[in-house]
Amino acid sequence: MIVALLICIVGLLGLGIAGVALALRPLGRAVVYGGAAGLCAVIGLLALVALGRPPSTIVLPLGLPWVGAHLRLDALSSFFAFVVGVGGAGASVYALGYSRHQEAPQRVLPFYPVFLAGLFLVLLADDAFTFLFSWELMSLASWALVVSHHREGDNTRAGYIYLLMAAFSGLTLLLGFGLLAGATGGYAFEAMRAAHPSAGVAALVLALALLGAGSKAGLVPLHAWLPLAHPAAPSHVSALMSGVMTKVAVYAFVRIVFDLLGLPSWWSAVVVLALGGITAVLGVLYALMQHDLKRLLAYHTVENIGIIFIGLGLAMAFRANGFAIGAALALTAALFHVFNHAVFKSLLFFGAGAVLSATGERDMEHLGGLIHRMRLSSFAFLIGCAAISALPPLNGFVSEWLTFQAILLRPGLPQWGLKIMIPADGALLALAAALAAACFVKAYGVTYLGRPRTAAAANATEVDRWSLGAMMGFATLCLLAGIFPGVMIDALAPVSQALLGARMPAQLVLPWLSIIPVAASRSSYNGLLIFTFLAASTWLTAWAIHRFASRAVRRGAAWDCGFPDPGPATQYTADSFAQPIRRVFGTVVFRTHETVVMPPPGDLAPARIEKSSRDLVWETFYAPVARAVTATADTLNQVQFLTIRRYLAFVFLALVALLLALALWQ
Amino acid sequence: MALVLLAAPLLTGLIRKVKARLQRRRGASVLQPYRDLRRLLGKEVVLADNASWLFRTAPYLIFAFTWVAASLVPTFATGLLFSWTGDLIAIIALLGAARFLLALAGMDVGTSFGGIGASREVMIASLAEPAMLMVILSLALIAGSTQLSTIAQFMLSPAAGLRVSLALALVAFVVVAIAENARIPVDNPATHLELTMVHEAMVLEYSGRHLAMIELAASLKLLLMISAIACIFFPFGLVIGASEAGRYFVGLGAYALKLAVAGTLLGIFEMSIAKMRVFRVPNLLGGALMLALLATLLLFVSVGL
């Protein structure tokens, strides 16, 4: 099984080389993206089959001569490989249509399959070297894709910050693996599983894993690169980075904390829960303030990563207290959300890419009325918005419902930190869910509804069939995962069994295909029946109305109170839509400030409104570090300009210091 | 399902009658909402020139979501055939889906009225929904289930005593219900002045049968909230499981009495205070959220003590 996957990964690397050769020909796009779609689909299917089977391992004579490359395909890797396969296949199919109008294909085509290969290799790695090599391959390939349009806007700065954060994550993971390997130096994951680190070392490894995997996933405060880098890349790559690469970072965290570290301590669960909750709320608040469609979606990824980490924190908390079945429920909820988010975030990025290729605009303030011009893609985007806002009967609701059931599961945990953190996280999760719905009403309403604000929006045309196919496919997947959630829960059972030793009760044997996470007396949900009731009620209402009531329709002007409407500028913009929420939440979180300057009576100048807001995370964490590094570099730079006498004295002093150190060491 | 559909306009008519009486008017008859619905159903629909398919299908979907949610709430008996398909969280999420579609429909025509309604509605929802979810969490912790029938059954049994968390949850629930149903002090259901509209602003462009469905959905939502409060906090007369016909009549009578009392109290409450400024509403809802969070926290820390 693992050999088949490796062959597909080698195939992806081969496609990268083919991309170099064929980049400038139209055949190149078809070969690279079509091949990538096929290979990702095959890998996804293989991973699905491998979920139920025992793990398979292989050792390749590559890499370091005395270590080799260990690769392993177990339940956790298979599930994430399935998610990456689905996301990669969808993005490749979308790219077949989207990349038609892309300039400089030679900057994108070679790196795209290599990025996919890196993603899959991280999932298969079974020793620290292979893991880190694949991690860096993934980061570098995606960096090349982020700066592929380097002449546009702020993309070079985005790529620079992305590279810094990627290097930071690689460094912290390297340190973490080094600590796990310990003095014996056993870098294979098998050796790390068998070794039991002391409590201090385990705490340090957890902190390093949170920093490393969290910065790649987008945990606050390490998220700052995400809204810069994800919009800068081409849309299919943005979908992969947001939907899939962040999930591979979640995989890294789950692998290190649940598999390699063993039993977590309860206070580490408190830390993860706290970070998850803060990330969820801050992510969506940032998203609400944006009017760039892709940046809004990127900030929203941060929120969903927060929700996933809330689930993971709950799993850690229950496991630390020996409540294995509760941990299984929480882990299943988190991993179900991993799949859901990969699907609907990719769908939303595809929609944003469709808007970008149809109008050339990413800014919502220049769009509007696209529902009339782009019918199918607007429908698919609506399904994505409804799914991400956790509305039944779609899939986002199921994973949030399962997370709430996990929060309610055992209030009697003995540790006070958990007793306070878990209900606080429930409140933060609820707040994030409500704000997410607000965010997507804004995104859909300003972009697709209303009247077109610019000529570009008024002249938009529907995108091509490949893009539409990918979008409708993912929309269907959202609906299916919401109607048949038992399939996904039962598919995740081997994962929780392998990691936690317990699994949720079998769902597919239940009557009517409902899901019952704990017991029928506690709670149950049936997506299929709710969907059937909704469809039946809608149809019945429509039939009854059309049978017994009037069917007449007349078109007229919109209500304008008697004042003829001057134009599309009078409708609500993204900023004005977010103004009530900005006033309620933003004054605290972003220190937003609005000043209105009214001209004196008689003056014909327009009134002005100025809004200011501050990014407190950037000012607290990033700007001081950048200033310190620059200051240190400036100070140390003086070493470049010393006279020859000073250099000779420098060498002499260094020699004396090293000899002293050697003497003291003996 | 049919019972809630027939009872909803009657409840709205009762509330309007109580408010009219308190204003020293005679008021329209309590059956007037039925006549209004019949009148609207017979009228032709006037659509704005640029209204899209979403605008035309949203009323049907909003009505369907609200109707399905209302059917999941026990009214006079808990033995609803399909109550296990959705628990309280699913009911609130269905109402949230209806609100999502209504806000989108408000944005559809591209006037500033729709924008004002939609942006204020999502601001209110961003605080009301978390407060509601925290109330559900505290009820679930007390009763051991999120299923509404099980909660109602638990409240009728002697195991549920007087608890501080229940009182806090009741206050928070009532505040959230007022906000969700667009009643004074959060929103005025009878106004059409743009500075005071939230719900009315979103449905300003609707007419004819579409408006009839949205009005019926709003009445259904009010009935749903009052039924939920009645079956959780005042479950007297609720029929548990299968029973003989006499008990059902008693249950029906008790339910009608609860609706009448709730309607009268709501009417009196709406007449006694004025509508709040829009940016004072987050203070009210934030208070409800804090009360609900406090209720949940109290339960979390008191278990095992």
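Predicted model: local features only at pLDDT ≥ 70, side-chain atom pairs only at ≥ 80, totals over all residues.
The contact between the two chains draws on 71 residues of chain A and 75 residues of chain B. On the side of chain A that touches chain B, the elements that give two or more residues are α14 (370–373), α16 (395–407), α17 (416–448), α21 (527–548), β3 (553–556) and α22, and of these α17(A) gives the most, with 15 residues. Sorted by class, this side of chain A holds 43 nonpolar, 22 polar and 6 charged residues.

Two of these elements can be followed across to their partners in chain B. Strand β3(A) pairs with strand β1 (residues 45–48) of chain B in the parallel sense, over 4 bridges, and within this pairing A:Arg554 stands opposite B:Val46.

Helix α22 (residues 574–589) of chain A packs against helix α5 (residues 112–143) of chain B at an angle of about 30°, with the axes 8 Å apart. Because angles under 35 degrees count as roughly parallel, α22(A) and α5(B) are described as roughly parallel to each other, and α22(A) passes α5(B) in a right-handed crossing. From α22(A), the residues A:Ser576, A:Phe577, A:Gln579, A:Pro580, A:Ile581 and A:Val584 meet B:Gly115, B:Ser119, B:Arg120, B:Met123 and B:Ser126 of α5(B), a contact that comprises 5 nonpolar, 5 polar and 1 charged residues.

Chain A itself is divided into domain 1, covering 572–612, and domain 2, covering 620–665, and the centres of these two domains, taken over C-alpha atoms, are separated by 50 Å.

Technical notes:
Residues numbered from 1 in each chain as written. Chains lettered and ligands numbered in written order. Axes fitted to C-alpha atoms, helices over the stretch in contact; angles between N-to-C directions. Parallel < 35°, antiparallel > 145°, perpendicular 65-115°, else oblique. Left-handed = near helix turned anticlockwise from the far one by under 90°. Contact = placed C-beta atoms within 7 Å. Nonpolar A, V, L, I, M, F, W, Y, C, P; charged D, E, K, R; others polar. Domains from an automatic or database assignment. Pairing = 2+ DSSP bridges.
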